[in-house]
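Please read these points with the sequence and the structure side by side. They are meant for a colleague who comes to this molecule without having seen it before.

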Amino acid sequence: MLNTRNFRCALVSATILAAAQLGGCVSVLPEAQPPSFLVRAPDVSPNVVGTLETRVVINTPESTGALSGAEIAATRDGGLIYINGVRWADSPSAMLQSGLIDVLSQADGDGWVATVKSGARGDFELRWTIRDLSFNMDESVGVCDVRLTLMSAARRNVIATERIRMTVQSDKKSDEARANAVAMALTRAAERTAEFVLTHATLDNRPERTKPRPESERRGDVVPEPMPEEDALIGSEDQA
């Protein structure tokens, strides 16, 4: 029979052995490697044609799941993977919003554009959602698919909606080339969104402001009713 002292020694030895084995398992796990290539969206084109006469507030584009992180996605046969060794240098939603503001800031006219976080109050508000931002390996194209909704800032009614899908071809097989194609598609989406805003955020589509009341009504005066003409009174009496 195993006495108490021997039993305790055996229990301690088993615990130490298990801990050593567990520590060995943890030490051989691969550590996360820093990306070898950071991708930033190219600058938008300076050749913007359009006039902005209204005030437009831009929301940050919404995105979910694999499209919202630093990894750059790729699709193949309907499946989703990540491109090895490359990462976004900034949030893709932030880069898309920044690109749009850069384009609209170059437009002619007395209007302006601002972000929602600035607290500015405008005539229109843009809401948008990134539906796809990846490299399609079956078609060898970078894709940026965005859903756009322009709303009246005051009445909250929808002025216009559109879905855009911009693609950039890349026949090169390197991970850097594929990631750059996605980044270029993002920039093209910002430029196309600017065209959407310039087309629909116009003075004609802006809700009419409430017309001011006459000065006498603003003072609270009683406006006298016009007296009927004499002929009208006579005629009325004849009919009676």
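**Notes on a pocket and a strand**

1. The second largest pocket holds about 180 Å³ of space. Of the 13 residues that line this pocket, those closest to its centre are Ala 41, Pro 42, Met 95, Ser 98 and Gly 99. Please keep in mind that the model under discussion is a predicted one.

2. Where does the lining of the second largest pocket come from? Helices α2 (92–105) and α3 (175–200) each supply at least two of its residues, and α2, with 5 residues, gives the most.

3. Strand β7, which covers residues 141–152, is mostly covered, since 11 of its 12 residues are buried.

4. On one side of the pairing, β7 is joined in the antiparallel sense to strand β6 (residues 124–136) over 12 bridges, and within this pairing Val 146 of β7 is the bridge partner of Ile 130. The hairpin of β6 and β7 has 4 residues between the strands, and in this hairpin Ser 140 takes a positive phi near 60 degrees.

5. Strand β7 also runs antiparallel to strand β8 (residues 158–169), to which 11 bridges join it, and here Arg 147 stands opposite Arg 163 in β8. These two strands, β7 and β8, form a hairpin with 5 residues between them, in the turn of which Arg 156 has a positive phi of about 65 degrees.

Technical notes
Residues numbered from 1 in each chain as written. Predicted model: local features only at pLDDT ≥ 70, side-chain atom pairs only at ≥ 80, totals over all residues. Heavy atoms only, no water. 1 Å grid on protein atoms, 1.4 Å probe; cavity = no way out; pocket = protein on both sides within 12 Å on 5 of 7 lines; lining within 4 Å. Points joined across faces, edges and corners; volume = space filled by probe spheres on them. Buried < 20%, exposed > 50% of the residue type's maximum accessible area, 1.4 Å probe, protein only. Pairing = 2+ DSSP bridges.
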